[in-house]
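Visitor: I have a model open and would like to go through it with you. Could you start with how far it can be trusted, and then move on to the details?

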Amino acid sequence: MSERGRPRTFDRTTALRCAMQVFWARGYEGASMSDLTAAMGINSPSLYAAFGSKEALFLEATDLYSRTEGADIWLALEEAPTARLAIEQFLRLTAKAYAQTDRPQGCLIALGALHQDSSRGAICDDLRRRRGENHSALRKRLERGVAEGELPADLDCGAAATFYATVQHGMSIQARDGASHSALLATVAGAMAAWQVMAGTDRA
């Protein structure tokens with residue numbers, strides 16, 4: 001039988017990681033099919049056969065990103081002995097991850113689809129869900145700090161979580177604009193100064 005016309009074989013996991021890098025650097029809209037196929041080393045028919053569509057490829061790529069990139073950031077949030085150290089480590093590790101030069105700067109989940117074309121549908125719904133899960137992780141750690149007596153009983157943990165999630169998102173934009181690690185750490189220092197007010201430790 002002739003080999004002509006048979007789909008090209010490739011390592012699906014490697015191709016998916018390459019697609020993730022393209023989406024991470026350029027966002028959903030900015031990543032063209034030619035960008036993706038070139039990075040993945042496959043042709044368009046092979047991409048569609050393996051992943052179904054650009055949208056499905058993006059959703060799978062963001063899932064890979066969530067499982068493999070920055071896992072230590074969220075692990076530190078859980079494992080730190082105090083809420084204050086948890087938040088500080090969360091932000092410091094974020095600064096370190098976002099400033100690395102061997103990969104795209106910033107966060108795919110925060111920056112992957114911000115344009116008008118992404119305001120509806122599976123892409124934005126998925127990213128909103130992931131950002132919501134991150135917010136919930138912050139809120140739960142702060143609630144634990146309240147339960148353990150480290151933080152005031154009347155602390156609005158949801159609002160505090162929103163503040164620190166917003167700081168992280170802002171650091172993502174700063175990093176994409178070329179901010180250095182030291183510049184990102186300056187943002188961390190400012191956010192931790194706000195902690196003193198939030199936790200009531202500035203009232204002594």
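**Confidence and overall layout**

Guide: The chain has a mean pLDDT of 89, and 91% of its residues reach 70 or more, where pLDDT is the predictor's confidence in each residue, from 0 to 100. This is a predicted model, in which local features need pLDDT of at least 70 and side-chain atom pairs count only at pLDDT 80 or more, while totals for chains, interfaces and linings use all residues. Residues are numbered from 1 along each chain as its sequence is written, and side-chain values use heavy atoms, with hydrogens and water left out.

Visitor: What share of the residues is buried?

Guide: Of the 204 residues in the chain, 40% are buried, where buried means under 20% relative accessible area, exposed means over 50% and partly exposed lies in between, with a 1.4 Å probe and protein chains only. As for contacts between residues at least 6 apart in sequence, 68% of them join residues at least 24 apart.

Visitor: What does Glu60 touch?

Guide: Not counting residues up to four places away in sequence, Glu60 touches Arg12, Leu16 and Phe51. Its side chain makes a polar contact of 2.5 Å with the side chain of Arg12; a polar contact is a pair of N or O atoms within 3.5 Å, where within protein one must be able to donate a hydrogen and the other to accept it, and residues adjacent in sequence count only if both atoms are side-chain atoms. Glu60 lies in helix H4, residues 54–68, and counts as partly exposed because its relative accessibility is 26%.

Visitor: And Thr62, is that one buried or exposed?

Guide: Thr62 has 0% relative accessibility and therefore counts as buried. Thr62 also lies in helix H4, and its side chain makes a polar contact with the side chain of Asp126 at 3.3 Å. Leaving aside neighbours within four places in sequence, Thr62 is in contact with Leu108, Ile109, Asp126, Leu127 and Arg130.

Visitor: Now the helix pair H6 and H8: how do their axes cross?

Guide: The axes of H6 and helix H8 (residues 122–147) come within 9 Å and cross at roughly 155°. Axes here are lines fitted to C-alpha atoms, for helices over the stretch in contact, and angles run from 0 to 180 degrees between N-to-C directions. H6 and H8 are therefore roughly antiparallel to each other, since angles over 145 degrees count that way, whereas those under 35 are roughly parallel, 65 to 115 roughly perpendicular and the rest oblique.

Visitor: Which residues make that contact?

Guide: On H6 they are Ala83, Ala86, Ile87 and Phe90, and on H8 they are Leu138, Arg141, Leu142 and Gly145.

Visitor: What about Glu88 and Leu93 in H6?

Guide: Glu88 lies in helix H6, residues 83–98, and counts as buried because its relative accessibility is 18%; its side chain makes a polar contact with the side chain of Arg84 at 2.9 Å. Leu93 is likewise found in helix H6 and counts as buried at 19% relative accessibility. Not counting residues up to four places away in sequence, Leu93 touches Asp72, Ile73 and Ala76.

Technical notes:
Helices (H or I, at least four residues) and strands (E, at least two) are DSSP runs, numbered from the N terminus. Contact means heavy atoms within 4.5 Å.
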